[in-house]
Amino acid sequence: MPAFILTLKCRNRPGIVACVASEIAANGGDITEAAQFDDPHTGLFFMRVAFLLPGGGDEFRARFQTHAFAFGFEWKLNPHGTRRKALFLVSMFDHCLVDLLYRTRIGELPVDCVGIVSNHPKEMLKAQPDPDIPYHHLPISRETKLRQEAQVREIVDATGAELVVLARYMQVLSDDFSRYLSGRCINIHHSFLPGFKGAKPYHQAYERGVKMIGASAHYVTPNLDEGPIIVQDVEHITHRDTPEDMIRKGRDIERRVLARAIALHLEDRVMINHAKTVVFA
């Protein structure tokens, strides 16, 4: 029996859960997982339901649309486990890219990589990706930034990429490009307690004797590195750790945090709640 994921958000009001459950039952569906969250600060209600449904989703979509109008639902219905097309952007640090390509190859991430975009030549990567994956070398400068972003946008449109991943892509996206990718572009960056900006953040952390380093994966917005956070993780540090140790540990954190965020996004477990996210883990 086909499996589906229904996600919705709306202003909270009585009867939402009953409406969803009743409509699934009326279509012969069988709920296998359900989660909900009522945000008392925003007044918004969020819900994710996984269910089996005989006969596919077209009839359910048509019937559910009536309830969507009545309750003001913002909703999506996706087949469970469907592979999504993704475009990976990378600069010179390719540890996240290599990790993601491996996870897609073994089936851990249900992703079809439709291309790799970089502002550096392919030869500068430490590990060469599969030659069957299109590699787009698009140099960028202050003068060519908008033209280069237009080229990336053309690739997104031409490939039908549903997700864009900044796998250590060391360029700041313009406000217009960030808005174009809203809700479908995930970035990874180092996140320290306290935070260190500028060059050599791990060396700054070492000089301050930090006891913890971390990384954050978030959706891209026009506000630099301030988009809704999906996943964060940390690693403990001791006085014996050198800057090189921190860089090595940082690579590990970045890899697993980015992969986890992508997995949650692909499973429709992440919903944007203004500047935050609701994550149904």
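Where is the place of Leu97?

Author: Leu97 has its place in helix α3. First, the ground rules. This is a predicted model, in which local features need pLDDT of at least 70, side-chain atom pairs count only at pLDDT 80 or more, and totals for chains, interfaces and linings use all residues. Residues are numbered from 1 along each chain as its sequence is written, and side-chain values use heavy atoms, with hydrogens and water left out. Helices (H or I, at least four residues) and strands (E, at least two) are DSSP runs, numbered from the N terminus.

Start with Leu97 itself. Its relative accessibility is 1%, so Leu97 counts as buried. Buried means under 20% relative accessible area, exposed means over 50%, and partly exposed lies in between (1.4 Å probe, protein chains only). Set aside residues up to four places away in sequence, and Leu97 touches Phe88, Val90, Ile116, Leu125 and Ala167. Contact here means heavy atoms within 4.5 Å. Gly56 is elsewhere: 41 residues separate it from Leu97 along the chain, and their C-alpha atoms are 35 Å apart.

Now the helix. α3 covers residues 95-105. Eight of its 11 residues are buried, so α3 counts as mostly covered. The buried set is His95, Cys96, Leu97, Asp99, Leu100, Leu101, Arg103 and Thr104. Their cover includes strands β5 (84-90), β6 (111-118), β8 and β9, together with helix α7 (243-266).

Arg103 is in that buried set. Its relative accessible area is 17%, so Arg103 is buried. Its side chain makes a polar contact of 2.6 Å with that of Asp99. Such a contact is a pair of N or O atoms within 3.5 Å; within protein, one must be able to donate a hydrogen and the other to accept it, and residues adjacent in sequence count only if both atoms are side-chain atoms. Apart from neighbours within four places in sequence, Arg103 is in contact with Glu108, Leu109, Arg256 and Ala259. Gly107 follows α3, with a positive phi near 85 degrees.

β5 and β6 run parallel, joined by seven bridges. Two strands pair if DSSP finds at least two bridges between them. Leu89 stands opposite Val117 in β6. From β5 the chain crosses through α3 to β6, and this β-α-β crossover is right-handed. That means a clockwise path from the first strand over the helix to the second, with the strands pointing away from the viewer. β6 is mostly covered too, with seven of its eight residues buried. β6 also pairs with strand β7 (residues 135-137), parallel, over three bridges. There, Ile116 faces Tyr135 in β7. Ile116 is also one of the residues that Leu97 touches.

β9 (residues 185-190) has five of its six residues buried. Three bridges join β9 to β8 (residues 163-166), and the two run parallel. Leu166 has Asn187 in β9 as its bridge partner. Here the chain goes from β8 through helix α5 (residues 175-180) to β9, again in a right-handed β-α-β crossover. On to β10 (residues 212-219): it runs antiparallel to β9, with five bridges between them. Ile186 has Tyr219 in β10 as its bridge partner.

The loop between β8 and α5 holds Arg168. Phi of Arg168 is near 65 degrees, positive in a residue other than glycine. At a relative accessible area of 12%, Arg168 is buried.

Finally, the whole chain. It has seven helices and 13 strands. Buried residues make up 47% of its 281 residues. Of the contacts with a separation of 6 or more, 66% are between residues 24 or more positions apart. A compact globule of 281 residues would have a radius of gyration near 19 Å; the chain has 21 Å, which agrees. That radius is taken over C-alpha atoms, and the globule rule is 2.2 Å times the number of residues to the power 0.38. Along the principal axes, the C-alpha atoms fill a box of roughly 60 × 40 × 35 Å.
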